[in-house]
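Hello,

Here is the structure you asked about. My notes on its pockets follow below.

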Amino acid sequence: MKIGMMSFAHMHAYSYADGLMKLPNVELVGIFDDNSDRGKEVAEKYHTKYFNDQDSFLAADMDAVIICSENFRHKEMVLNAANANKHILCEKPIATTVEDAQDMINVCDENRVILQTAFPVRFSTPMSQLKNMIDNGELGDIVAFRTTNRGQNPGSWFIDKQQSGGGAVLDHTVHMVDIMRWYLGKEITEVHAIVDSYFHDIAIDDAGLLTLEFENGVVASHDASWSRFKEYPIWGDATIEVVGTKKTVKADAFKEHFRMFTSGSKSLSHVVYGNDMDFDLIRDFVNCVQEKREPSISGRDGLKALEVALAAYESSEKKAAINL
């Protein structure tokens, strides 16, 4: 299978490209990036061709593309790729507005191409094991969720609202909303949130606390932030505690690690030994294209997670619950 990559603006692009290189049946045939210095450097690193023109890139012989641009450019690139009949894996959040996300889904449907949202946390072994426990009835009926997604401030375009669409709450809410929807099979109907900047002197939010209610009455809390400082032993966390009538179980996508002490400014680090979520996401996308099946994580999944994150901003601004 021939796959191209559109932009390396998002840091996940590097781990996705690494994943492609590990698959024996996949060829990374080209990279488009309008940052020519970055694009040329990455193309050399992965021994592939660099394109500085999007039309030329999409005219090349390839089956699918992976989009890792700035958030506000997702729509443009998805629409162009879909109209060029390429299957698509798009970095999260799928878009910066719900309307843009729906337009992206519609165009992909019209062109009969796959649109998969990049939510690698679904492929974390602890997260998938907990999903199996829920599906097997081991927890009984789900009563509530407690979730967190707390990491480091990525800086750069992430803290420019025009390019990102939002700060930590957008960046770190969509993952765990997707996990909760996946576990429960129900939609969120009410969002109440407090959003602000607490940890950095930036003109965009770096933290938020959300309270959610699902259509079947299940309640949830979510702590999203860029609260981890650069010397922190690991990037951050992605945790969920599922409260059931039989059991309460907690999982952390980054908990599979051992602690390593060294001399230097970062004396303690956590060395992860668990599965590579990003690689498993890429492998799933490749299999999805090869098997011509519906994506494991659809464009609609991306839209519903985005909808909740954007409702959190509205709730905080209006100081009221938002009904979806």
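In these notes Ala, Val, Leu, Ile, Met, Phe, Trp, Tyr, Cys and Pro count as nonpolar, Asp, Glu, Lys and Arg as charged, and the others, Gly among them, as polar. The model is predicted, so local features need pLDDT of at least 70 and side-chain atom pairs count only at pLDDT 80 or more, while totals for chains, interfaces and linings use all residues. Residues are numbered from 1 along each chain as its sequence is written, and side-chain values use heavy atoms, with hydrogens and water left out.

A pocket is an open set of points, on a 1 Å grid over the protein atoms alone, where a 1.4 Å probe fits, with protein on both sides within 12 Å along at least five of seven lines; lining residues have an atom within 4 Å of a point. Grid points are joined across faces, edges and corners, and a volume is the space filled by probe spheres set on the points.

The largest pocket holds about 620 Å³. It is lined by 28 residues, and H12, W235, F254, M277 and D278 are the closest to its centre. The lining consists of 12 nonpolar, 11 polar and five charged residues. Helices (H or I, at least four residues) and strands (E, at least two) are DSSP runs, numbered from the N terminus. The largest contribution to this lining, three residues, comes from α8.

The second largest pocket has about 300 Å³. Among its 15 lining residues, D109, V113, I114, E294 and P295 are the closest to the centre. Six are nonpolar, three polar and six charged. Here α5 gives the most, with three residues.

Regards
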